[in-house]
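Colleague: I would like to learn how to read an annotated site in a model. Could we take one step at a time?

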Amino acid sequence: MKKRILLANDDGYNAKGIEQLYEALSSWADVTVFAPETNHSGASNSLSVNRPLSVKQAANGFYYVNGTPSDCVHIAMTGVLDFKPDLVVAGINNGANLAEDTLYSGTVAAATEGFLFGCPAIAFSLVERNWLHLDAAVDIANQIIQHQINYPQPVRTLLNVNIPSKPQHKFDDIRATRLGKRHPSQSVIKMDSPYGEPLYWIGPVGEVLDLGEDTDFIAVRNGHVSITPLRLDLTHFDQIAQTKQWIEHA
């Protein structure tokens with residue numbers, strides 16, 4: 001029986017990254033696509049709880065939702081699919097998701113939503129924008145997904161994968177990494193509307209702060225595929241004792 005994969009993204013259901021990854025995965029797996037109707041980059045884990053959502057199906061069979069990446073996976077898992085996927089895959093994203101990018105990324109959020117529903121999940125991003133060397137990225141993503149299916153890790157995994165934009169990748173060029181760190185984002189870009197009202201564009205990401213040898217930044221800079229295992233427990237365990245003392249002194 002073919003493995004069942006739920007495929008999502010944040011660039012929209014007609015993005016090249018998801019179209020080409022679907023073609024590769026469909027050669028050996030049963031793939032269902034749930035993706036946003038329009039680009040939702042930077043949507044993070046937001047759910048549309050203040051309005052109803054619609055699900056439509058494109059001519060190629062892809063389902064698309066007028067909501068966020070998390071909406072897509074949430075609706076698929078709780079209201080449409082009559083099975084639990086063996087794996088949830090997000091991407092391939094048009095651009096990197098490194099360091100703190102993972103907190104804002106809709107691609108990572110789509111994978112995270114699948115993880116929250118008990119599925120192993122992988123988010124894929126192509127480092128350079130404009131789909132440079134997308135074919136090579138699809139090939140290595142396909143290999144990584146098959147490896148996850150054939151050799152699942154002993155604990156359920158949430159993986160963030162960044163693929164350098166180059167014409168060929170080898171499986172032994174993959175590196176297990178930790179997230180790097182950036183400086184704070186650059187200032188917003190201010191302008192006026194045609195009516196003289198102030199408008200603001202979110203500014204570019206900040207400069208790299210942590211370039212340790214084991215970071216995702218260094219891996220992709222050196223041409224390696226970066227795989228970072230993520231966890232969702234935000235508890236600062238080392239600070240619990242300090243917080244108890246702080247409460248006692250209130």
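Modeller: Start with a side-chain pair. This is a predicted model, and in it the side chains of Asp11 and Ser41 make a polar contact at 3.4 Å.

Colleague: Which residues does UniProt place under the feature "binding site"?

Modeller: The unreviewed UniProt entry gives that feature to Asp10, Asp11, Ser41 and Asn93. An annotation of this kind may be inferred rather than shown by experiment.

Colleague: Why can these residues be said to gather at one spot?

Modeller: They span 84 residues in sequence, but no two of their C-alpha atoms are more than 9.0 Å apart, so they gather at one spot. Of these residues, Asp10, Ser41 and Asn93 are included in the lining of the largest pocket.

Colleague: Where does Asp10 lie, and is Asp10 buried or exposed?

Modeller: Asp10 sits in the loop that runs between β1 (4-8) and α1 (16-25). Buried means under 20% relative accessible area. Asp10 has 2% relative accessibility, so it counts as buried.

Colleague: And what is the place of Asp11?

Modeller: Asp11 is also in the loop between β1 and α1. Its relative accessible area is 10%, and therefore Asp11 is buried.

Colleague: Which residues is Asp10 in contact with, leaving aside its neighbours within four places in sequence?

Modeller: With those neighbours left aside, the contacts of Asp10 include Ser41 and Asn93 from the annotated set, and also Pro36, Thr38, His40, Pro69 and Thr107. On the same terms, Asp11 is in contact with Asn39, Ser41, Ile92, Asn93, Asn94 and Trp131.

Technical notes
Residues are numbered from 1 along each chain as its sequence is written. This is a predicted model: local features need pLDDT of at least 70, side-chain atom pairs count only at pLDDT 80 or more; totals for chains, interfaces and linings use all residues. Side-chain values use heavy atoms; hydrogens and water are left out. On a 1 Å grid over the protein atoms alone, a cavity is a set of points where a 1.4 Å probe fits but cannot get out, and a pocket is an open set with protein on both sides within 12 Å along at least five of seven lines; lining residues have an atom within 4 Å of a point. Helices (H or I, at least four residues) and strands (E, at least two) are DSSP runs, numbered from the N terminus. Buried means under 20% relative accessible area, exposed over 50%, partly exposed in between (1.4 Å probe, protein chains only). Contact means heavy atoms within 4.5 Å. A polar contact is a pair of N or O atoms within 3.5 Å; within protein, one must be able to donate a hydrogen and the other to accept it, and residues adjacent in sequence count only if both atoms are side-chain atoms.
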